[in-house]
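Dear colleague,

Please find below the structure that I am handing over to you.

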Amino acid sequence: MSRVGIVDQSTSKFTKDTLLSVEELACEPCKEILERHKNTDLKIDSVFLSTTADVQYGSTIVSEYLGLKPRISQRLDNLCNSGSNAIVSAYSMIKSGLCKNALVVGADIKQTKGSQLVWDISRGSFTLPVYWAALFAKVHMRRYGTTEEQMASVTVKNRKNAYLNRNALFRKKISVKDVMDSKKLVEPLKLLDCSYVCNGASAILLSNEADSKMYTDFPVWIEGIGSSVEAASFSNVSSDLSSIHSTKSASDMAYSMTNITPKQIDVAELHDAFTIMEIMAYEDLGFCKKGDGGKFVSQNDISINPRGGLLGTGHPLGATGVAQAVEISEQLKGLAGNRQIKDCKMGLVHNMSAAGSSSLVLIISKD
Amino acid sequence: MYQMIDRFNYPKVSQNVVKEFLDSLRKGKFRIPICLKCDLKIWPPANICSNCYSGKIRMSKLEPRGRLIEHSFSHIDSTEKLGLVEISGIRIIGILSEGNLNPGSAVKLTKCGLDKDNFPYYEFSAA
């Protein structure tokens, strides 16, 4: 069966302040992609906009701004994993033959209402995500002995990676002590254990196999997709808070689709909305044994979050999943510049939403 | 109609159990929707049963005793202890009004209501 390739990709600089609307932000990385293909006969026949912001007719407005007249134009919101879900929607339409070339763009603004799921009244007045993240952290510490310093090391690593990423919001290296001394929010989490919701946009161009080979010499391929939805509310995710069950299910599905094992992954973008979530993702994605996530932070076998993750790059909710795929694509194509990982052939994207109530995993390969 | 209902944009239906839940909460009473057909406790409150899709629902008191699953301290506004609690098979994040509660401790719902921002709050103490 014909494969779906990532032909091109781009990310704008993530920021704390912007005067642009969501639709205008979305155009930034798209313009770069379209500019690179302006002298070809590439025809974008579908546009997918991933955003959690309160916009109307967003993907069609973006299409008009860009002078595109796609056959299919859709906007998608699934909170923090909107981006990877938009990629899956585009992938499916290409696979079905309904379209050939899909522009997938994720864009969001700092003020998005998507950063708090107010619908979930089982959380009472504790609506901020940091509350559930702290409860996960407490369980992991109690059960497996994970330490605050190990969690702090996740931020230190990801900020170090972000230092090399010109599009990252936080490009200053920090120490474990900096994280430990940052403002206490909800124990054991401190300010620097948490990602920052910001403005930003990322885009990728997906094509069927024939067009992928026509429009780039270096396509990479989406080989595996796994997705799992447990619930929308925190009260109905699995009662065992030591694990992100949707991530485990999604990764099992993705590995099975590609017939590969976690050991074959060279580079991964993990959803480190909070430091503890990266540690739990190591375990639930099968990179290490359950309970060993804290120690795994210091390993060097798999390159984790080379662009800086959400902790270093910032977290524009609807853009994050696309930005993760952009990074993996650039790494596999050898386009990552000063943060290029040597000889990487197989990459993984892990993108999740609302206390891990849903997760999506993509496996992307270089031929 | 409460500002709370407007904020959550709940649909107008013949029986709005979410509104009934919030009305009770405002009076300090914790009553949740239970499906008349299959007895499912519908939590968080919704106007339809997720098991049998029946819209025939009664509001019912729950046994307020349960156990603490996990807890933490928040320092965001003021310092307060919070916990994830399970009572009668449903899970809630609430305030813990006593300091010496630990995971596994028996707890009971002692207070509930809507706060100044119209957010629900639930308060637990040792059972």
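At what angle do the axes of helix α5 (residues 148-162) and helix α9 (residues 275-284) of chain A cross? They cross at roughly 95° and come within 8 Å. Axes here are lines fitted to C-alpha atoms, for helices over the stretch in contact, and angles run from 0 to 180 degrees between N-to-C directions. Helices (H or I, at least four residues) and strands (E, at least two) are DSSP runs, numbered from the N terminus.

Two conventions apply throughout. This is a predicted model, in which local features need pLDDT of at least 70 and side-chain atom pairs count only at pLDDT 80 or more, while totals for chains, interfaces and linings use all residues. Residues are numbered from 1 along each chain as its sequence is written, and chains are lettered from A and ligands numbered from 1 in the order in which they are written.

Helix contacts in chain A

On the α5(A) side, A:Gln150, A:Met151, A:Ala152, A:Val154 and A:Thr155 meet A:Thr275, A:Ile276, A:Glu278 and A:Ile279 of α9(A); two residues are in contact if their C-beta atoms, placed from the backbone, lie within 7 Å. This contact of α5(A) with α9(A) has five nonpolar, three polar and one charged residues. For these classes, Ala, Val, Leu, Ile, Met, Phe, Trp, Tyr, Cys and Pro count as nonpolar, Asp, Glu, Lys and Arg as charged, and the others, Gly among them, as polar.

A second pair is α3(A) and α12(A), whose axes come within 5 Å and cross at roughly 60°. These two helices are therefore oblique to each other. Residues from α3(A) in the contact include A:Ser82, A:Ala86 and A:Ile87, and those from α12(A) include A:Leu317, A:Val322 and A:Ala325. The contact of α3(A) with α12(A) divides into six nonpolar, six polar and no charged residues.

Helix α3 of chain A spans residues 82-96 and holds A:Ser92. A:Ser92 is partly exposed, with 13 other C-beta atoms within 10 Å; a residue is buried at 20 or more such atoms, exposed at 12 or fewer, and partly exposed in between, with C-beta atoms placed from the backbone.

The sheet of chain A

Chain A has an open sheet of 10 strands with mixed pairing, in the order β3-β2-β4-β7-β1-β8-β12-β11-β9-β10. Its edge strands are β3 (72-76) and β10 (303-304), each of which pairs on one side only; strands pair if DSSP finds at least two bridges between them.

Strand β11 (residues 346-353) runs parallel to strand β9 (residues 267-269) of chain A, and three bridges join them. Within this pair, A:Val267 stands opposite A:Gly347. With β12(A), β11(A) runs antiparallel, joined by eight bridges, and A:Met346 stands opposite A:Ser365 in β12(A). β11(A) and β12(A) form a hairpin with four residues between them, and A:Ala354 in the turn has a positive phi of about 35°.

Eight of the eight residues of β11(A) are buried. A:Met346, A:Leu348, A:His350 and A:Met352 point one way from the strand, and A:Gly347, A:Val349, A:Asn351 and A:Ser353 the other way.

Contact between chains and domains

The contact between the chains takes 23 residues from chain A and 22 residues from chain B. On the side of chain A that touches chain B, α4 (129-144) and β5 (184-186) each supply at least two residues, and α4(A) gives the most, with five residues. That side of chain A divides into 12 nonpolar, six polar and five charged residues.

For chain B, the domain assignment gives domain 1 (3-61) and domain 2 (65-126); such bounds come from an automatic or database domain assignment. Nine residues of domain 1 are in contact with 10 residues of domain 2. On the domain 1 side, α1 (3-8) and α2 (17-26) of chain B give two or more residues, and α2(B) gives the most, with three residues.

Yours sincerely

Conventions
Parallel < 35°, antiparallel > 145°, perpendicular 65-115°, else oblique.
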